[in-house]
Amino acid sequence: MKKLLALPFLTLSLHLPSALAEPATTDSVKQLMETTGSTQMSRQIVQQMIPMLKKLVPDAPDDFWDSFMKEINPEQINALVIPIYQKYLNEEDVQKINTFYETPTGQKLLKVQPKIARESMQAGQAWGREIAQKVLSEYEKSQRQATPPPQDNLLE
């Protein structure tokens, strides 16, 4: 019976360190986002939005867009994203990640990561095409086997 009573306390004690961990600060998350290029991506997203927005209002003059874009601040995206980081990472996590990215290895990873992502996407697309071709080939094969060829009525 004592063992059964101890079980909830043991379970609680295993989760207690993570429950008591200090939440990630906004500043440390901003540092992480700056180091990893997320902040720069926010700026690029805003720049990529402009042509799409212009398609929505094709008759708007350039001065309208100039004025409108002055109101758009990439920091607004960061403000939306920071709580998401804070939801999944505590301050210790963010500090360790920041420390890693400050190392030569971390810097190398940041430098080559876009290339890895691009080549991985290309490899995945090629693999997907192979799978699609195999599906089509196998399906056609199964259809040929399921449908008997027409027979000539020579015996009649």
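Q: Which residues form a nonpolar patch on the surface?
A: Patches join residues with over 30% relative accessible area and no salt bridge, like charges within 9 Å and nonpolar side chains (Val, Leu, Ile, Met, Phe, Trp, Tyr) within 5 Å; a salt bridge puts a side-chain nitrogen of Lys or Arg within 4 Å of a carboxyl oxygen of Asp or Glu. Areas are Shrake-Rupley with a 1.4 Å probe, with only the protein chains shown as cover for residues. Here, Trp 127, Ile 131 and Val 135 make one, with about 320 Å² of accessible area together.
A: Some ground rules: this is a predicted model, where local features need pLDDT of at least 70 and side-chain atom pairs pLDDT 80 or more, while totals for chains, interfaces and linings use all residues. Numbering runs from 1 along each chain as its sequence is written, and side-chain values use heavy atoms, without hydrogens and water.

Q: Is Val 135 buried or exposed?
A: Buried is under 20% relative accessible area, exposed over 50%, partly exposed in between (1.4 Å probe, protein chains only). Val 135 is exposed because its relative accessible area is 51%.

Q: And Thr 39: buried or exposed?
A: Thr 39 is buried, because its relative accessible area is 6%.

Q: What is Thr 39 in contact with, leaving aside neighbours within four places in sequence?
A: Contact means heavy atoms within 4.5 Å. By that test, Thr 39 touches Met 33, Glu 34, Glu 75 and Asn 78.
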